[in-house]
Amino acid sequence: MKYLKIKNYLLLLLIAAIVVSACNKDVEQFPDIQVEKPGTALAGIADTLASSARSNNSLYSAIIKKAGMAEILNNRSSAYTIYVPSNAAVKTLITALTGGAVPAGSPDAVYLGFIQSANFTEATAKGIVSYNTLPGKINYTTLGTTFPNYQAPSIFNPMPSLSALLRLTIFPSARNGNFVNNVPVIAAGIEAGNGIIYETGAVVVPPQRYLWDRINTDPDFTYLKAAVLRADSGTVAGNPASSLVAALQSIGANLTVFAPSDAVFKATLYTLAYPVVRAGIYAQARAGGLSEVAANAYADSEAPANTTALTGTPAVFSNPVLFSVLPAISVRGVIAYHILGSRAFANNFPATAANFPTLLNGSIAAHPGVVLQATFAGPMVTAATVKGAVNPTAANIAINPTPDPNGTSDQHYLNGVLHKINQVLMPMQLTF
Amino acid sequence: MSVLKRLLVTMVVFFTLPAIYAQTLKGVVKNSETGEGIPAASVIVKNTAGGVVAGDNGAFEISVSSFPVTLTVSSVNYAAQDVTVANASFLRVALTPLLGQEVTVAASRFNERLIESPVTVERVSATTIRNAPAPSYYDIVANLKGVDVVTSSLTFKTPTTRGFMGSGNLRFNQIVDGMDNQAPGLNFSVGSVIGLTQLDVESMDLLPGASSVLYGPGGMNGTLLINSKNPFKHQGFSFEFKEGIMHLGDAARDASPFHNIAMRWGHKVSDKFAFKITSEFIHAKDWVAQDYRNYARIGTDGAPKAGTRLTDPNYDGINVYGDETSADIRQVLNGVAAQAPFLAPYISTLTTNPILVSRTGYNEMDIIDPTTLNFKLGGSLNFKLTPGTELILAGNWGTGNTVYTGSDRYSLKNMKMGQYKLELVNKNWFLRAYTTQENAGESFNATVTTRLANEAWKASPGATGWFAQYGQAFLSSKLAGQSDYDAHQAARAVADVGRPEAGSAEWKRIFDSVRAKPISQGGGLFVDKTDLYNYEGQYNFSEMFNNVVDFLVGGNFKKYVLNSEGTLFADSTGTIPINEYGGYAQLSKQLGIVRLTLGGRYDKNQNFEGRFTPRATAVFTVAKNNNIRVSYQTAYRFPSTQQQWINLNVGGNTRLIGGQEQFWDFYNFRSNKVYYLNDLRQGTAKEYDYVKYKPETVSSFELGYKGLLADDRLMIDIYGYYGMYKDFITRTLLVQNRTSAAISQADTLNGNIFSVPTNIREGVKTYGFGIGLDYRLPSNFVIAANLSSDVLSDVPVGFVSFFNAPKYRFNASFGNTGFGNQNRMSFNIAYRWQDSFYYNGDFANGRVPKINTLDAQISYKLPAAKSVIKLGGTNILNQYYVNAIGNARVGGLYYIGFGYNL
């Protein structure tokens, strides 16, 4: 019996030990990675804009509804930056869009009625809202002031059939104040549950045409058009990628075109050609037996009309007679000098004159480029200039930012911006 | 069964001479305290190898040539007795219960009682196996003191002692009936898959610590010797089946049955000839490796980390395969930026940091055949040429499916391995020749195969490849304002469109086609038909010296023939032979109370310098059955066949190569230089030192005591050891520029990476102790407990030791091999606890939590039917555990068994 007791005691001990410690833990588990959640407790963007606190955005809120984008803009799993114009800005746009059919000063209900009407299509509404909506949150204090701006994709894909990754881009900038494209951001950002709202002084309208569309059709850019075509001749065949025309109508390009008007081209070409034309007439007259004095007088009388005849039409660029004095490569150089490889709205120009490279720097890296400068009154640009390296004075941009096709500055296209100028920019001394 | 028996008898009779029977002596062996018969008691004619084993009730029948004759009667846990018999009248022998009396040759190749062995030795007898709760004899080893086991899968368990455990443990020899059962090409011991069958194991001896001198190079950490039953001694037909259930409460698998059938038939046709046939079959659903934790592979030694498939785009689950294929999708984004410059400024805001993304993987349970199968067939033909000399022709063959963890998880599918031996044994000498024939069957590497299967479904690179699709979809989602998290989910959904579901016919078709293609042809199959041939002999001169001194010499010649058809080794142009030879001598003498033994061994491998390893032991008999032992042992290990000749692309630009200089030339190491990858990652281009690798060595001291106390009822075994390892063999990563250009940091991502074997110059030290207590209670009850500890010290900074041993482990057991009415009942309870430890493996590293397991069985004998019914289970509290990171998660296994004539 004694042994039995020992046995029981030991057995109990063994069982006790087992029960106390017999619980195997699983291998160490780590707390899971904290997933970044974009949404906060605040109301979503669309709800924020629709709230009574944002009554000054009620018309834009109606446009969002018309676009059918309220749900997307309230989606908490995404974060957006959205540019929202005030009611006054929406009214201005509508008056312009309707050609005055909805006159300025109409009651809000009239504007609202227009937004809800079939005259204002869902596609238009969607284009405007999605062009003004960007993925992620833009923070102007950390945006930087690199010239000219930050090219940001909007959520607007104008041609999904071309590529799922195609996006129209929009250009926030913190240079000279906060802007998006050439429109000032007029208030600090408003935090919403899924992003940030910036109020703008005007509706930022999505571009619809290419730069080439304007150059190709504007009656005041016939010389520019001819020059571009001439610039492409001879080079394109061997290297299609270098075609300026192609770039000017490529969705992938991002350009600033300084566009001299026909009159400017005409005057410049006249000045360049006159001495050559006159010298030719003079030499001919002398060969014809005229005295030096008579030949001079003859040349003086004949040269202007002859020069005008030669340079008075855009055909000047395709005149084989001039090929030796106006070679394609020179025209190409001059045209390239009128184009920046980025999209600079006038408000992106520095207040103090500074040099910026042009497409010409692609072939002549050391070239000083052009000198840009803008004068501001508040956020508005009142004057802007661009100066060529050998031009004695700076060319003026004709300030008129009325949307394409009527304006002359900040003309915004799918692939760039165009400013009309009053000089041909000269990268170097050019003679015929 | 009787049909089979009759058939076999008939076959055997055809080729044996009619036996001439001598006189027969009948008797019974009983316990002097209880008067009960002692089952399986051994009765041998003294100083010969001839003998029998008593039946269940202690009854025996032995043939002797003449009278008088002296018989040695012994049994586990009884004092052996010599009985001189004058005539054939019925003999009654009463043995006194006493622990530690078994005789083993394992510890010094001389016959010694366990209690007198000069080094620590642990013995598992057939009785222990019969009474153990574990369904497989192999599992019992885990309850011995100082033993750790790595469970790769149900049928793949690797024991080791004194640290450095791993599935493919190269530092622990397993020797079955004198045959080293390491798979010669795959380098792991296959003991539990292909070896002896359950009913044919007579005993197992475990020698912890360095033991090269006795058993050849390799036994750095220990040696396990498994001995089978000789058909002259163990006769009759026996069988056992166990039907069990497992996977209860398993997260990865529903409860499923476990089937195990084993049989053995040993028959002595005459005094000149006996034979045996053994077989075993196991069929079950395997334990599932299901560690789905994220794993940091790059830039670290490897460690589990936070993150799931959802929260980490570059998730690489430990037991998830295919997700090792990873790329930085900034390449894709930058490609888009070049094509679509209007997106470039935005894309540049996304690409400040690498965006690493991994492909979607498949869990282990989705790719590895759940059925574990194991079929073993073995047997021997034993001829007594003279009463003292026996010729044995034996073979063990096995096949099956199992899973092994090495540098990866390997599904060993339809693997076949056979060991065949011809042996001539005399009590003073033996000559033995054996061969190991390996065939990896349809085995494949889980990671490589799944990665390739992913590629077969959808290629990773290219303009429309998986990563391009992912990158574009990711960008598209980012452009829609989505968070990184959502964009990654959306991108994965897009890239994975049409991905075959795990388990679908489509997935099976793709996976099987990759699996069936050899690695050399861009598949995952490794063809391995490597063979080993070994010839050895030993002569014991003790009799010649009238046993004044014991002296023996021996030697062996070993030849590997590597044959993987270029899938594993650099043997695409033909097999690679490796020759190794060794010789040893040992001298032993009793000087008063001290028995001194001196031994030494010389080994030479054709690719390495030879080395002499000495051994010295002393046993002080301080009192009867109380011995103090002191030993100095050394061991030496040649790099494994894989460390010499492997040439395996493991993906991620990484190639495992052997250490032979031929590889340096083949891969132009000298003209297109190689650099240490980890240094280059830190920014330093450190050129490889081109030092040839060499064998590793260990020397260890041990002090121990084994004795009987408390009225000879308590056996105590204590040891302490101190070991010094030198020239550890490990692997290091090198990188080479792809185009022979100057090396740069970019090559850490794009270069050719080689993993080469190398030695670690610094020595490391290990020490530890073990204490075991066995207390013999009355009425056959035995209670036992042991505690052991292993510690690694002097580890240099940054050294990955692979020590892999818990600091402490504890085992306790309580059992009885026969009690109650007619001793019909028996039971055993075994409990094991091991401390938590950090596990380093080639496959995965991480902390292994502490483990408790409780095993128990209870049996009821039916003496009339010579049968026993057994109800048992392992890990009966069903506390799931892993004992190595990345390995199978093991739960409870419960069975009921029926055995006949065990």
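Colleague: What makes strand β1 of chain A count as mostly covered?

Modeller: This is a predicted model, and in it six of the six residues of β1(A), residues 80–85, are buried. Buried stands for under 20% relative accessible area, so each of the six falls below that cut-off. Tyr80(A), Ile82(A) and Val84(A) point one way from the strand, while Thr81(A), Tyr83(A) and Pro85(A) point the other way.

Colleague: Why do the side chains of a regular strand go to two faces?

Modeller: In a regular strand the side chains alternate between the two faces of the sheet.

Colleague: How do you know that β1(A) pairs with strand β2 of chain A?

Modeller: Pairing needs at least two bridges. Between β1(A) and β2(A), residues 133–135, there are three bridges, so the two strands pair, and they do so in the antiparallel sense. Tyr80(A) stands opposite Pro135(A) there.

Colleague: And which way does β1(A) run relative to strand β9 of chain A, parallel or antiparallel?

Modeller: Parallel, with six bridges joining β1(A) to β9(A), residues 195–200. Ile82(A) has Ile197(A) as its bridge partner in β9(A).

Colleague: Why are β5 and β7 of chain A called edge strands?

Modeller: The strands β5-β6-β7 of chain A form an open sheet in that order, with antiparallel pairing. β5 (172–173) and β7 (183–184) each have a single partner strand, so one side of each is left without a neighbour in the sheet. As for β6(A), residues 179–180, two bridges join it to β7(A). At least two are required, so this pair meets the rule. Phe179(A) stands opposite Pro184(A) in β7(A).

Colleague: What makes Ser233(A) partly exposed?

Modeller: Its relative accessibility is 28%. Buried is under 20% and exposed is over 50%, so a value of 28% belongs in between. Ser233(A) lies in the loop between α9 (222–232) and α10 (244–248) of chain A.

Colleague: How do you know that Ser233(A) has a polar atom within reach of Arg230(A)?

Modeller: The backbone oxygen of Arg230(A) lies 2.7 Å from a polar atom of the Ser233(A) side chain. The cut-off for a polar contact is 3.5 Å, so the distance is within it. Along the chain, Pro327(A) is 94 residues away from Ser233(A), yet their C-alpha atoms are separated by 9.9 Å.

Colleague: What is the area buried between chain A and chain B?

Modeller: About 3,800 Å², of which carbon and sulfur atoms give 66%. In chain A, Asn24(A), Val27(A) and Leu165(A) lose the most area to chain B, together 17% of what that side buries. By contact, 41 residues of chain A meet 50 residues of chain B.

Colleague: What joins β28 to β29 in chain B?

Modeller: A hairpin, through two residues. The strands, residues 409–426 and 429–439, run antiparallel and are joined by 10 bridges, and Val425(B) stands opposite Phe430(B). β29(B) also pairs with β31(B), residues 531–540, in the antiparallel sense over nine bridges, where Tyr434(B) stands opposite Asn534(B).

Definitions and conventions
Residues numbered from 1 in each chain as written. Chains lettered and ligands numbered in written order. Predicted model: local features only at pLDDT ≥ 70, side-chain atom pairs only at ≥ 80, totals over all residues. Heavy atoms only, no water. Helix = DSSP H or I, 4+ residues; strand = E, 2+ residues; numbered from the N terminus. Contact = heavy atoms within 4.5 Å. Buried area = accessible area lost by both parts, 1.4 Å probe. Buried < 20%, exposed > 50% of the residue type's maximum accessible area, 1.4 Å probe, protein only. Polar contact = N/O pair within 3.5 Å; in protein donor to acceptor, adjacent residues only side chain to side chain.
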